[in-house]
Amino acid sequence: MLKYAVKRILLAIVTVFIIAAITFFAMNAIPGGPFSKEKAVDPAVQAMLESRFGLDKPVPEQFVMYLGNILHGDFGISLKTGREISTVIGESFAVSAKLGGMAALLAVIVGLVLGAIAALTRGKWPDRVIIFMTTLFVSVPSFILATLLLLVFCLQLKWIGVWSTSNPNYILPVISLALYPMSYITRLTKSSMLDVLGQDYIRTARAKGVREMLVIFKHALRNALIPVITYVGPMTAYILTGSMVVETVFTVGGLGTKFVSAINNQDYPMIMGTTIFLAILMVLATLISDLVYKVVDPRINFD
């Protein structure tokens, strides 16, 4: 177990490094710069600004300097606002974490319930309805779904108010983020439960007269959770890192909004800070999921 954990941690560190390198060099390959859009900037002033933030140095040297600062916990300051990037990330991630946490919880609970119902009513109308709806939600991109929810429930029916900082309404953003992972968990739970329900120990329990509810929840559903556990880690990271489109549609001031704004402004330190932070979240969630799965099933080996 220790050897497996060490290898997974080393792989996680290498993954974050590769993501940081690709982002840094791709970002610097884009024409223009963070000060090129300023109105009537004197060339001397622009050269001074670039020198102040180290943008006049060769890109490889900038990358080495940036890695050194990161290792000391310094993400730098925003080239547009002048604020500490770690402070901006902390403030905006609190909103994204709340939004993503509620979406993940909703996706897991509803997905498990619908998956169990679909498995127990296989071939009947509840199963057909659930599979049709989950297939639909998996096929529709989140930005289209978010836009439709906004147009219908906020602007047309006016059942739910538009997001505002004074009166934040998480209902529609949470639904937009939760529908895709909920649909995937539903299908995963159904297939896993159907496999478990066909096992010998389930037939033995029923032959012994064990109550059906006990067979379903104690034996079938518990053992069907293993594939779901594997998916929950990456799913949570996907929700937290993939919320930028939904946040933009609903004008939620979370980390995704800051990331999109940084790209539009070519704010290099902010782009790198948010990218590395989101990459660490994704890798950490996957790492925890792998370690939990290794505990649940010790037969897994690292290849």
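**Exercise 1.** How many helices and how many strands are there in the protein chain?

*Solution.* Keep in mind that we're working with a predicted model. Step one, count the elements: the chain has twelve helices and zero strands. Step two, read them off from the N terminus, and you get α-α-α-α-α-α-α-α-α-α-α-α. Step three, look at burial: 40% of the 303 residues count as buried.

**Exercise 2.** Work out which elements build the largest nonpolar core, and which one gives the largest share.

*Solution.* Start with the members: this core has 29 residues, and those touching the most other members are Ala103, Leu172, Leu177, Ile185, Met235, Ile239 and Phe250. Then pick the top contributor, which is α7 with eight residues.

**Exercise 3.** Describe how α6 packs against α7: what are the crossing angle and the handedness?

*Solution.* Two packed helices are described by the angle and the distance between their axes. Here the axes of α6 and α7 come within 10 Å and cross at roughly 145°. The crossing is right-handed. Now list who touches whom: α6 brings Leu145, Ala146, Leu149, Leu150, Phe153 and Cys154, while α7 brings Leu172, Ile175, Ser176 and Leu179. Sorting that contact by class leaves nine nonpolar residues, one polar and no charged ones.

Note on methods:
Residues numbered from 1 in each chain as written. Predicted model: local features only at pLDDT ≥ 70, side-chain atom pairs only at ≥ 80, totals over all residues. Heavy atoms only, no water. Core = buried A, V, L, I, M, F, W, Y, C linked by side-chain atoms within 4.5 Å. Buried < 20%, exposed > 50% of the residue type's maximum accessible area, 1.4 Å probe, protein only. Helix = DSSP H or I, 4+ residues; strand = E, 2+ residues; numbered from the N terminus. Axes fitted to C-alpha atoms, helices over the stretch in contact; angles between N-to-C directions. Left-handed = near helix turned anticlockwise from the far one by under 90°. Contact = heavy atoms within 4.5 Å. Nonpolar A, V, L, I, M, F, W, Y, C, P; charged D, E, K, R; others polar.
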